[in-house]
Amino acid sequence: MDLSGAWDGSAPATDYSNNDAELLKRAWRTEKAAPEILQFEARLVQRSREQIQLVEGILEDLLESGSDPLIVSLNQIDMDRTLYLLRSYLRTRLQKIEKYMFHIHKNTELWNRLSEQEQKFAQRCIEDLEDHFDKSVLSKLPDRYKSSVKQSVISEEDDMGNGFIFCKLMLVTFFSYPSWFPEPQLDTYVICRTKTSLGTLQLDNRQSIIFFGGVEDPVDLDPGDLYAVCYKSIKPLVHSGRIELV
């Protein structure tokens, strides 16, 4: 069975290869393995939510009608599995947003990968963090220390005196230069596979593909085989869905 309809025991098992449960599992696995945040799977998430609500209603009907407890249990297990995948997928994305919120916010391409709710969450995180530092640090500084522009005209004798003020100034400077915020490491090696033959992947001289059969040179990406490869080299293929991460 799958969440497109509850199983009543009369139909054969459903092929999982193309149903939403498998697509959600793949999206969750790829999101967890990718160092950057990927495009939000809006339609898949919406369908999964609708299917969960549908099966919840069917389960209530099955319980009220006194159906076979085994059928009820199998439907419940299938729904719980999909609910876990959905929650884990969304939680993984929120963790990335919390970690890279400033980097995502300043990058239009990454920002557009977020759902509307995720954008609101990221914006709220940024505002809360800035408000926290403003209240706990910046509000206690003299006016001339509160701006990175004013820092440039502070006299040399002030710079040499108070180490406590210097630490606060470092915080101000940190928030004044977004390039200092953490960014995802796209040079990370990931485990991947493909369902169709993609030929030999073009890499620069500093990178290689590690084939789990023992080959450490660039090789043809054959369906079903596992490879360890620099994420940056396969990023377009991951975005297009031609390669999946495991």
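Predicted model: local features only at pLDDT ≥ 70, side-chain atom pairs only at ≥ 80, totals over all residues.
Residues are numbered from 1 along each chain as its sequence is written, and side-chain values use heavy atoms, with hydrogens and water left out.

Okay, the core. The largest nonpolar core has 16 residues, and Leu 24, Val 45, Leu 59, Leu 62, Met 79, Leu 86 and Tyr 89 touch the most other members. By nonpolar core I mean buried Ala, Val, Leu, Ile, Met, Phe, Trp, Tyr and Cys residues joined through side-chain atoms within 4.5 Å. Buried is under 20% relative accessible area, exposed is over 50%, and partly exposed is in between, with a 1.4 Å probe and protein chains only. Two or more core residues come from each of α1 (20-33), α2 (42-64) and α3 (69-106). Helices here are DSSP runs (H or I, at least four residues), strands likewise (E, at least two), numbered from the N terminus.

Now, pockets. A pocket is an open set of points on a 1 Å grid over the protein atoms alone, where a 1.4 Å probe fits, with protein on both sides within 12 Å along at least five of seven lines; lining residues have an atom within 4 Å of a point. Eighteen residues line the largest one, with Ala 27, Glu 41, Val 238, His 239 and Gly 241 nearest its centre. Helix α1 gives the most to that lining, five residues.

The second largest pocket is lined by residues including Phe 40, Arg 49, Leu 94 and Glu 118. Here α2 gives the most, with four residues.

Glu 118 pairs with Arg 93 at 2.7 Å, N to O. Arg 93 sits in helix α3 and Glu 118 in helix α5, 25 residues apart. So, buried or exposed, Arg 93 and Glu 118? Both are buried. They also belong to a network of salt bridges with Glu 31 and Lys 96.

For contrast, look at Glu 116 and Lys 120, whose side chains meet at 3.7 Å, N to O. Both of these are exposed, and they are about one helical turn apart because they are four residues apart in helix α5.

Technical notes: Salt bridge = Lys/Arg side-chain N within 4 Å of Asp/Glu carboxyl O.
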